Amino acid sequence: MNSVNDRSRDIGPFVPGPDDDMLICRCEEITKGEIRKAVHDGMWTLTEIRRYLRTGMGLCQGQTCSRLVKGIVARELGVSPAELEPATSRVPMRPIEMKIFANEAPDEREDG
Amino acid sequence: MKRYDLIIVGAGPSGLSAGIEAAKRGLKVVIFDENEKPGGQLFKQIHKFFGSKEHRAKVRGFVIGQQLLDEADEAGVEVVLNATVIGLYQDKEVVVKRGGEIEHFKGNAIIIATGAAENMVTFPGWTLPGVIGAGAAQTMMNLHGVLPGKKVLMLGSGNVGLVVSFQLEQCGCEVVALVDAAPRVGGYGVHAAKVARTGVPFYLSHTIVKAEGEECVTGVTIAEVDSKFQFIPGTEKHFDVDTICLAVGLSPMSQLLKMAGCKMEDNPKRGGQVPICDEYGRTSLPGVFVAGDVSGIEEASSAMIEGRMAGIAAAEYLGYIEKKDLDTELAALDLALDGLRQGMFAPKNRGKAIEQTEEGIAISENLLLHGYVADEEIERFPGVTRRSGVHPVIECTQNIPCNPCQDACRKGCISIGANITSLPIAVEGADCINCGMCVASCSGQAIFLVDEDCGDGTATVTLPYEFLPLPVEGTKGKGLGRDGKVICDAEVVSVKSLKAFDKTSLLTMRVPKEYAMKARFFKAV
Amino acid sequence: MSERIKEHPVLGVQEKGELVKFTFDGKEIEGYEGEPIAAALKAAGVMVHRYTQKEHKPRGIFCAIGRCTDCVMVVNGEPNVRTCITPLAAGMDVRTQYGVSDQPFDEQ
Amino acid sequence: MKTKAEVVIIGGGIIGCATAYYLAKMGIEVIVLEGSDHIGNGGSSRNGGGVRQSGRDVRELPLVMYGIRNLWPTLSEELEVDCEYHQDGNLRLGKTEKHREILTRLADSARNVGLDVRMIDGDEVRAINPYLSDEVICASWCPTDGHANPLTTTLGYYKMARRLGVTFITGEPVTELRVIKGKIRQVITPNHVYEGENVLVAAGLDSREILTTVGIDIPMTNSLLECLVTEAQPHMFDQMLGTAEADFYGHQTKHGSFVFGGSSGLERYNKDNGTPVNSSKTAPCICRGIMKYFPDLANAKIVRTWAGWMDASSDGVPSLGTVDEIPGLYVACAFNGHGFGIAPAIGEQLAKLIVTGKTDVDLGELHYDRYKAKI
C-alpha cells in the first residue's frame, strides 16, 4: 500500500500480441489487448484498469476475471502478480434487487 | 439490532465445524449460507475421504456433511440457508439477504468461512456454452442429477480434476482425455490411477489450443507445450466433445474480509488473496476470525480442523473458556492438523518435485507422466508382494496422510504405523481371510485382493467397483491393465455389495494367471 | 443431448420435486419443481442461455453456483436472472436473453 | 526520478489531472503527486457523473457554463477516450411545495446570469421522462445540462497529460509545503522533497492540512456520501436527474446501468476505517428514495455501492485561484460534491492563470480569503 510509484517509469512500448483478441472479462467483454493497451496508457493498478475499462464491473463483480486481469497487468508491468493490490470489494457480494435492498426487516429489540 | 455471540458466514466443512465447537462451549451461534443446501462442497464430494479416524477418513464427503449438520443441530447452532451475506460492515455488522428482505445482525465475534472460488484459464472459445468449471460439473451431476455432457475433456490433473473425472465416469459420461499443461500429474497418484485404469488417456505437458463450435462446444484441440508453456507445432490432437471441464485450481473467496478492512496479503502458497491471520484464524480485526479455504486452499479435512480451532478461539475471545483450556485444546488440534499437513502433498511441499518416498523408494515416473504405475514399477512398493492364496495388493505408492486400511484389516495384514503418511506394508505371514474390508475402505481405491494362482491356470482379482450397471456373476468381459488398455479375457466370479462396504462394490474377476499382477479393471463387452 | 442420471452408483436415485411444465422461448418443456432452471434446461438439451451485449456471442452454464452470472436469462419478464440458482416453478416463462432483452438483436 | 518542475500539483484527481493536461499543452513542465495508490481515487471516481449548471450557486455558474460551452462537447475526441458525455438536460425534481420554492429560487438566480433553466410542472416532467412517479409535482429543467463518465474522463486527462510528458507519482502523500525566500518552493513527502516554481494544492479534503503547513486555512469539513450502481438495463432515458434537496441524483449510463447517489441524513457523522466505506444504512435508504421516484426500477439489481468523502465548505462553493499571501501558490478545493462537471473548466482556467496570470472567467468570488464571521 502507498508505495511510491513513478508513472513515468519505462515499461517499454506496446507490442501487439497474437492473443490480444482473447476475451478476459466475460461480463463486460474486455479483451487482453484492451487491458494491455490500458497499462501502456498509464493504468498501472487494478483499480485504475477497472475504472478505465470496466473489467470486473459487470454482473459477477470480477469474481471470474480478476485473477486473469491481475496476471496480464503484472506481466505487462514486469512485476509479480502478488505485488498488485486487488481492486476493492464492494457491497453487495451478490446482485440484489433494489426492492429487496430497500426492504429492511424490522429491528427485533426483544430477543427471541 | 439482533446480536449473536458468534456469526459464521458459510456452512461448509469449516463453518459448521466452527459452529459446533463454539456452541458446545455455550456461545449463541448462527451460520448463514447463501446455498439452498448446507455443507458447502461436501455435498458434491461423493468419494471417501483420506486421513485417519479423527479426520473422518473413509467416510464420503456428503455423509460427513450430514454428520456435521446433525452435530450442529444437536449443539444448538442456528443454520440459516438461502441467506446471502451481502456485506460485512464496520463494528462487526453483517447484512443478510433472506427472501424478500435484508436483515442486520451484530456479532460479538465473526468467523468468515466462505471457502474458495474456481480459477479459470483462457483459450479461444473458452466462453462457449459447454466450457464449464469442474465445480459446475459436480453441481450438475451430484446435486441436480443432470449429466454435464456426454463426452468430456478435463483440463487439470490436480485432485479436483482427477476426482471430478472419476465422478463424470460414475454417472455415465465419457472422459475422452485428461489434460494438464504441467509436466506431472498434480493430484494424488491413487486418484489418477483409478481414472487411468478405466481407460482415460492422460496428456501431461499439453493444453487446450481452442474450443470449437459456433453455438456451443462441438470439439477441442489440444497440443503439447514446451518447458515455457509454448505450443509445439505439429503436436495438435483433436477430440469430438460436447463439454470441456476446467479444473485449474481454486482461489480463496476473501472479498468480505477485504471489504471489512482486514489486512490482506497475496500469498501464492495459500492460493491467492488471503487475510493475514495466525494459525488459529485470528485476523487483524479483533474478533474477526477465518477458517477453511478462505484463508488458504487445502483439503476439506484440514478445513474442518481449522474450523474447530477458530470456533474454540472465538469461545476464548468471548470469555466462554479460559486461556489455559484454549491452549490445551488447540494443542490437540494442532497435532491433528499437522498429521494432515504431512507427506508429499503437504502445503510446504507445493511446487517441489519429489523424487523419492519417505521410505527412500523411487516414485513411479509413469504415475506422474501418465496417471498409472507401470507393471515393471509396481513391485518395488511395500504393499505389493507375491504369495500364495488370496492376499491384499496395496498399490499405494505416494506418502499421503491416510490409514483406514490398517484399521480395516482385523487380521493385521496391512501395516502403516504411527506415521499416517507412511506407505502401507503387506505384512509377511499375516492371514488374509478375503473379507474385502481393506478394498472397500481404501479411499484411493488402490487395494486389490489377488489370488495369483487358483490352480487351474487362472487367477482372481477383486477390485473396488463404483459404476452402474453392476456386472453380475458370470458376465464375460475384458481385463484392463493399469493403463486402461485391454490385456486379457476376464469373467466376473462374484460381486459383493455389503452395507459395510458403503457403496463400493467388490467385483472379483477371473483372469489368466499371468495377468494376476496386471489386470486391474473389468469391462463388460 | 444431455439427460438425467437415472440411478447413481453412490447417490442412488435422487429425490426430485414434482414434474412440471414451463416454457423456453415459448416452447413447452418439462422439469422438476424446485430444481434450478438451468438444470431443467440442461436436461432438455438447451445449451445457449443468452447472447452477449457487445459481441452477440452465445453463453451458457459456466459456474453453476450463482457466481459467474453467465447463465442469466429473462424469466417471467425479468432480465438477468441467474438460472443456475433460481428454482423452477410450474408455468415459468423462460427466455433467451439478448443483451438485456428477450428480443433478438435485429428486432431491438 | 524527477523532483523539480515548473509546476507541482498536489492531488491526482480530476482537477489535478486536468490542470496538468492543460499546462502540458502549453509546454509547461509538471509533476503531479497523488497520496493514494491510484489516480482519481477521491471524489473523481466516486461521484454521480453530473455535468450540470442548474442547481449551482451563481458564484460558480460562469465557470461551469464556460466548460459546457467550450470544453465538454469535444472532450472525448480531445482525450481519446469515451467520456460518455450526454447533453440531454437535467431535471431537478420536487415533490413538495417547499421543494418548489427551493427550485424556483435557484432557477431564478441562474436565469439572472444567463442560464436557460425554467420551472415545469409534473405532467411536463413526465412528458420528458415518462418513468417518473406521480409523486413528482414539479422540476427545474435545464436542457443544456447532462452527464458523463467520471472514471474515463479523469483517467483520460491522466492518460493524455502523461502522454504529453507530465510526471505522475502515486503513493506520495504530501506532508508539508515550504516557503523559501518569500515564495512557495518545496513540497515535502515522507520519501522526497519536490521543488516547483508554482504549486497547486488540489487534494480535496486533505488540502486543508497541507495548506496549514504554510499558515493558510480553508474552512472545510467532511461528509461521507454514497453511490450505487445497478446491473445494465434496457435503455430508458438520457437526462441527468436530481432533487431539490439533493437527497437523490443519478442517470442511466451508456452501459445501461443506473448510477445513483443519495443521502441518509447521517453523512456528516459517518465514520470510516481508514478508507471511505459504506454505512450499512445508506444504500437501503437510497434505494427507498429511488423507488419513490422510479417505481419501475424496483426489480433492477444493485451490483455495487461505494462511498467517498466530500469536502464541504461553509458556503457550499470551492476555493479557487491564487493565494495572494504566498507567491506561486494556487488552490483548488472544497468542491462540495459537485466538482466533476466543472473540472475541465477549472483545469483549463487554472492552467491559464498559472502561465499568464489571467483567466477568461472571473474567479474573484471563489477567492480563498472570502470567509468572514457573520457579525
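This note goes through the chains, sheets, helix pairs and interfaces of a predicted model.

1. Basis. The model is predicted: local features need pLDDT of at least 70, side-chain atom pairs count only at pLDDT 80 or more, and totals for chains, interfaces and linings use all residues. Residues are numbered from 1 along each chain as its sequence is written, while chains are lettered from A and ligands numbered from 1 in the order in which they are written.

2. Chain D overall. Chain D has 9 helices and 18 strands. Both are DSSP runs, numbered from the N terminus: helices are H or I with at least four residues, strands are E with at least two. The C-alpha atoms of chain D fill a box of roughly 65 × 45 × 40 Å along the principal axes. For 375 residues, a compact globule would have a radius of gyration near 21 Å; chain D has 20 Å, so the two agree. That radius is taken over C-alpha atoms, and the globule rule is 2.2 Å times the number of residues to the power 0.38.

3. Domains of chain D. Domain 1 covers 4-48 + 151-219 + 315-370, and domain 2 covers 88-144 + 221-313. These bounds come from an automatic or database domain assignment. The C-alpha centres of the two domains lie 29 Å apart. Across the boundary, 16 residues of domain 1 are in contact with 15 residues of domain 2. Contact means that C-beta atoms, placed from the backbone, lie within 7 Å. The domain 1 side has 6 nonpolar, 8 polar and 2 charged residues. Here Ala, Val, Leu, Ile, Met, Phe, Trp, Tyr, Cys and Pro count as nonpolar, Asp, Glu, Lys and Arg as charged, and the others, Gly among them, as polar.

4. Helix pair in chain D. H2(D) (residues 61-70) and H9(D) (residues 343-356) pack at an angle of about 95°, with axes 8 Å apart. Axes are lines fitted to C-alpha atoms, for helices over the stretch in contact, and angles run from 0 to 180 degrees between N-to-C directions. H2(D) and H9(D) are therefore roughly perpendicular. The class limits are under 35 degrees for roughly parallel, over 145 for roughly antiparallel, 65 to 115 for roughly perpendicular, and oblique for the rest. H2(D) contributes Leu63(D), Val64(D), Tyr66(D) and Gly67(D); H9(D) contributes Pro344(D), Ala345(D), Ile346(D) and Gln349(D). By class, this contact has 6 nonpolar, 2 polar and no charged residues.

5. Helix pair in chain B. The axes of H7(B) (residues 300-317) and H8(B) (residues 323-340) come within 10 Å and cross at roughly 170°. H7(B) and H8(B) are therefore roughly antiparallel. Residues in the contact include Ile305(B), Met309(B) and Ile312(B) of H7(B), and Leu326(B), Leu330(B) and Leu333(B) of H8(B). The contact divides into 10 nonpolar, 2 polar and 4 charged residues.

6. Antiparallel sheet in chain B. Seven strands form an open sheet in the order E20-E23-E24-E27-E26-E25-E28, with antiparallel pairing. Two strands pair if DSSP finds at least two bridges between them. The edge strands are E20 (390-394) and E28 (521-524), each pairing on one side only. Neighbouring strands are turned by 35° against each other on average, direction ignored. E25(B) (residues 476-480) is joined to E28(B) by 4 bridges. Lys478(B) stands opposite Lys523(B) in E28(B).

7. Parallel sheet in chain B. An open sheet of 5 strands runs E8-E15-E9-E10-E11, with parallel pairing. Its edges are E8 (131-133) and E11 (202-204). The twist averages 20° from one strand to the next. E9(B) (residues 151-155) and E10(B) (residues 174-180) share 5 bridges. Leu153(B) has Ala177(B) as its bridge partner in E10(B). Helix H4(B) (residues 159-170) packs on the sheet, touching E9, E10 and E15 (243-246); its direction makes about 170° with that of E10(B).

8. Chain A with chain D. The contact takes 30 residues from chain A and 39 residues from chain D. On the chain A side, E1 (5-6), H2 (46-53), E4 (96-97) and H4 (98-101) each supply at least two residues. H2(A) gives the largest share, 4 residues. The chain A side has 12 nonpolar, 8 polar and 10 charged residues. Strand pairing also crosses between the chains: 2 bridges join E1(A) to E8(D) (residues 167-170), running antiparallel. In E8(D), Asp6(A) has Ile169(D) as its bridge partner.

9. Chain B with chain D. Here 8 residues of chain B are in contact with 6 residues of chain D. E4 (83-89), E5 (93-98) and E6 (101-112) of chain B each supply at least two residues of the chain B side. That side has 3 nonpolar, 4 polar and 1 charged residues.

Conventions
Two residues are in contact if their C-beta atoms, placed from the backbone, lie within 7 Å.
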